[in-house]
Amino acid sequence: MIPSPTRRQVFTGLTATCIAGATLPARAEDREVIEARVNLALQKLYREIPGAEDLARRAKGILVMPDVIKGGFIVGGAYGEGALRLNEGGSFDRTDSFYSVGAISAGFQAGLQQTSHALFFLTD
């Protein structure tokens, strides 16, 4: 019979997993792939969310993370890549820089989810 792990052993294992996940180097996709996904995400945002285009006109920039994948069973994680687009004359065609987002979590969870994020910057 295999003995059950103690709370300390579980906590130590989760902490080690979090540290290992936080120190892994990011694997950035080709810029063209990220750019294409950001373009599609912005088109979908404007089409499906009322007022999003009006908000974008007032924004100084938009950070778009088109594909954030979240998943886990007890221990979970999330990762996504995107781009910061600056407002240049009412257009968000030029990418200023690329970013990635990551998270690790523990607790009662099971499943897989894909989401998109758009963060509007209204001031400098």
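**A nonpolar patch and a helix**

Trainee: Which residues make the nonpolar surface patch of about 370 Å²?

Mentor: This is a predicted model, where local features need pLDDT of at least 70, side-chain atom pairs count only at pLDDT 80 or more, and totals for chains, interfaces and linings use all residues. Residues are numbered from 1 along each chain as its sequence is written, and side-chain values use heavy atoms, without hydrogens or water. A patch takes residues with over 30% relative accessible area and no salt bridge, joining like charges within 9 Å and nonpolar side chains (Val, Leu, Ile, Met, Phe, Trp, Tyr) within 5 Å; a salt bridge is a side-chain nitrogen of Lys or Arg within 4 Å of a carboxyl oxygen of Asp or Glu, and areas come from the Shrake-Rupley method with a 1.4 Å probe, with only the protein chains shown as cover for residues. The patch is made by Phe73, Ile74, Val75 and Ile104.

Trainee: Which strand gives the largest share of the nonpolar patch?

Mentor: Helices (H or I, at least four residues) and strands (E, at least two) are DSSP runs, numbered from the N terminus. The protein follows the pattern α-α-α-β-β. Three residues of the patch, the largest share, come from residues 61-86, which is strand β1.

Trainee: What is the phi of Ile74, which is not a glycine?

Mentor: Ile74 lies in strand β1 and is partly exposed at a relative accessible area of 44%, between the limits for buried (under 20%) and exposed (over 50%), with a 1.4 Å probe and protein chains only. Most residues other than glycine have a negative phi. For Ile74, phi is positive, at about 70 degrees.

Trainee: How far does helix α2 reach from its first C-alpha to its last?

Mentor: Helix α2 covers residues 31-48, which makes 18 residues. The expected span is 1.5 Å times one less than the number of residues. For α2 that expectation is 26 Å, and the helix comes close to it, reaching 26 Å.

Trainee: How wide an arc do the buried residues of α2 cover around the axis?

Mentor: Those residues are Ile34, Val38, Ala41, Leu42 and Leu45. An α-helix has 3.6 residues a turn, so residues three or four places apart point the same way.

Trainee: Which elements do the buried residues of α2 pack against?

Mentor: On the other side of α2, Glu32, Leu40 and Arg47 are exposed. Contact means heavy atoms within 4.5 Å. The buried residues of α2 pack against α3 (52-58), β1 and β2 (95-121).
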